[in-house]
Amino acid sequence: MSHNLFGPTQPNTGSTARDHLANERTYLAWHRTGISVAALGVAVAKFAPNRGGHAVAAGFILIGAGLLVSAYGTLRYRAISRQIESGEFAPATFAAIATSSVVTVLALLAVAVLL
(Lines give C-alpha, C1' and ligand atoms only; values in the text may rest on other atoms or scores of the structure.)
Protein backbone atom coordinates (compact mmCIF):
# COMPACT_ATOMS: atom_id res chain seq x y z
CA MET A 1 0.00 0.00 0.00
CA SER A 2 1.43 3.36 -1.00
CA HIS A 3 0.53 6.87 0.16
CA ASN A 4 -0.39 10.06 -1.63
CA LEU A 5 -1.58 13.52 -0.65
CA PHE A 6 -4.96 12.16 0.50
CA GLY A 7 -3.71 9.14 2.49
CA PRO A 8 -2.99 5.50 1.76
CA THR A 9 -3.98 4.17 -1.63
CA GLN A 10 -6.06 1.01 -1.97
CA PRO A 11 -5.91 -1.64 -4.65
CA ASN A 12 -8.66 -1.10 -7.21
CA THR A 13 -10.20 -4.56 -7.18
CA GLY A 14 -13.84 -5.39 -7.78
CA SER A 15 -16.15 -2.58 -6.90
CA THR A 16 -14.05 -1.06 -4.09
CA ALA A 17 -13.24 2.10 -6.01
CA ARG A 18 -16.86 2.54 -7.16
CA ASP A 19 -18.10 1.97 -3.61
CA HIS A 20 -15.72 4.56 -2.18
CA LEU A 21 -16.65 7.08 -4.88
CA ALA A 22 -20.37 6.51 -4.26
CA ASN A 23 -19.77 6.97 -0.54
CA GLU A 24 -17.95 10.23 -1.24
CA ARG A 25 -20.80 11.51 -3.44
CA THR A 26 -23.29 10.70 -0.69
CA TYR A 27 -21.09 12.47 1.86
CA LEU A 28 -20.98 15.57 -0.33
CA ALA A 29 -24.78 15.44 -0.74
CA TRP A 30 -25.19 15.43 3.06
CA HIS A 31 -22.90 18.45 3.25
CA ARG A 32 -24.74 20.32 0.49
CA THR A 33 -27.99 19.73 2.34
CA GLY A 34 -26.50 20.85 5.65
CA ILE A 35 -25.06 23.99 4.09
CA SER A 36 -28.39 24.76 2.41
CA VAL A 37 -30.33 24.44 5.67
CA ALA A 38 -27.76 26.57 7.52
CA ALA A 39 -27.86 29.19 4.73
CA LEU A 40 -31.65 29.26 5.03
CA GLY A 41 -31.17 29.92 8.73
CA VAL A 42 -28.88 32.86 7.99
CA ALA A 43 -31.40 34.22 5.47
CA VAL A 44 -34.28 33.89 7.92
CA ALA A 45 -32.33 35.59 10.71
CA LYS A 46 -31.23 38.42 8.43
CA PHE A 47 -34.21 39.05 6.16
CA ALA A 48 -37.44 37.99 7.93
CA PRO A 49 -39.44 41.22 7.97
CA ASN A 50 -40.56 42.62 11.34
CA ARG A 51 -39.70 39.49 13.30
CA GLY A 52 -36.72 40.68 15.38
CA GLY A 53 -35.74 38.16 18.03
CA HIS A 54 -38.07 35.52 16.62
CA ALA A 55 -36.26 35.60 13.27
CA VAL A 56 -32.89 35.32 14.98
CA ALA A 57 -34.11 32.37 17.08
CA ALA A 58 -35.56 30.62 14.03
CA GLY A 59 -32.33 31.29 12.14
CA PHE A 60 -30.23 29.74 14.90
CA ILE A 61 -32.51 26.70 15.00
CA LEU A 62 -32.06 26.19 11.25
CA ILE A 63 -28.30 26.74 11.47
CA GLY A 64 -28.16 24.08 14.20
CA ALA A 65 -30.20 21.72 12.03
CA GLY A 66 -27.79 22.28 9.14
CA LEU A 67 -24.81 21.55 11.35
CA LEU A 68 -26.53 18.38 12.56
CA VAL A 69 -27.02 17.20 8.97
CA SER A 70 -23.36 17.85 8.14
CA ALA A 71 -22.18 16.10 11.32
CA TYR A 72 -24.33 13.06 10.58
CA GLY A 73 -23.00 12.95 7.01
CA THR A 74 -19.43 12.98 8.29
CA LEU A 75 -20.06 10.19 10.80
CA ARG A 76 -21.88 8.11 8.20
CA TYR A 77 -19.13 8.63 5.62
CA ARG A 78 -16.47 7.40 8.03
CA ALA A 79 -18.55 4.40 9.10
CA ILE A 80 -19.23 3.36 5.52
CA SER A 81 -15.56 3.76 4.57
CA ARG A 82 -14.63 1.34 7.35
CA GLN A 83 -17.36 -1.06 6.26
CA ILE A 84 -16.20 -0.99 2.63
CA GLU A 85 -12.67 -1.82 3.71
CA SER A 86 -13.80 -4.67 5.95
CA GLY A 87 -16.16 -6.07 3.31
CA GLU A 88 -19.25 -5.58 5.47
CA PHE A 89 -22.29 -3.35 5.23
CA ALA A 90 -24.87 -2.30 7.80
CA PRO A 91 -27.72 -0.11 6.56
CA ALA A 92 -28.30 3.09 8.57
CA THR A 93 -31.93 2.54 9.36
CA PHE A 94 -32.30 4.10 12.83
CA ALA A 95 -29.62 6.81 12.56
CA ALA A 96 -30.82 8.13 9.21
CA ILE A 97 -34.45 8.18 10.31
CA ALA A 98 -33.56 9.79 13.66
CA THR A 99 -31.43 12.49 12.02
CA SER A 100 -34.07 13.26 9.40
CA SER A 101 -36.79 13.34 12.06
CA VAL A 102 -34.84 15.68 14.34
CA VAL A 103 -34.06 18.04 11.45
CA THR A 104 -37.74 18.02 10.42
CA VAL A 105 -38.86 18.81 13.97
CA LEU A 106 -36.28 21.61 14.18
CA ALA A 107 -37.50 23.07 10.89
CA LEU A 108 -41.11 22.96 12.11
CA LEU A 109 -40.00 24.58 15.38
CA ALA A 110 -38.29 27.35 13.40
CA VAL A 111 -41.50 27.96 11.45
CA ALA A 112 -43.52 28.02 14.68
CA VAL A 113 -41.11 30.57 16.19
CA LEU A 114 -41.59 32.81 13.15
CA LEU A 115 -45.39 32.74 13.36
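The model is predicted, so local features need pLDDT of at least 70 and side-chain atom pairs count only at pLDDT 80 or more, while totals for chains, interfaces and linings use all residues. Residues are numbered from 1 along each chain as its sequence is written, and side-chain values use heavy atoms, with hydrogens and water left out.

**Around S81**

- S81 sits in helix α2; helices here are DSSP runs (H or I, at least four residues), numbered from the N terminus.
- S81 counts as buried because its relative accessibility is 17%; buried means under 20% relative accessible area, exposed over 50%, and partly exposed in between (1.4 Å probe, protein chains only).
- The side chains of S81 and N23 make a polar contact at 3.2 Å. Such a contact is a pair of N or O atoms within 3.5 Å; within protein, one must be able to donate a hydrogen and the other to accept it, and residues adjacent in sequence count only if both atoms are side-chain atoms.

**Helix α1**

- Helix α1 covers residues 16–47, and its 32 residues should span 46 Å at 1.5 Å a residue, which agrees with end C-alpha atoms 46 Å apart. The expected span is 1.5 Å times one less than the number of residues.
- Buried residues of α1 include N23, G34 and G41.
- Those buried residues pack against α2 (53–86) and α3 (93–114).

**The nonpolar core**

- The largest nonpolar core has nine residues: V37, V44, A58, I61, L62, A65, V69, V103 and A110. A core of this kind is a set of buried Ala, Val, Leu, Ile, Met, Phe, Trp, Tyr and Cys residues joined through side-chain atoms within 4.5 Å.
- Each of α1, α2 and α3 supplies at least two residues of this core, and α2 gives the most, with five.
- Beyond its neighbours within four places in sequence, A58 is in contact with V44, A110, V113 and L114.

**Aromatic pairs**

- There are two aromatic pairs, counted when ring centres of Phe, Tyr or Trp (its six-membered ring) lie within 6.5 Å; planes under 30 degrees apart are stacked, over 60 edge-to-face and the rest tilted.
- Y27 and Y77 are stacked, 4.4 Å centre to centre with 25 degrees between the planes. Y27 lies in α1 and Y77 in α2, so this pair ties together parts 50 residues apart in sequence.
- W30 and Y72 form an edge-to-face pair, because their ring centres are 4.8 Å apart and their planes stand at 70 degrees. This pair links W30 in α1 with Y72 in α2, 42 residues apart.
- Y72 is buried at 9% relative accessible area, whereas W30 is partly exposed at 23%.

Technical notes. Contact = heavy atoms within 4.5 Å.
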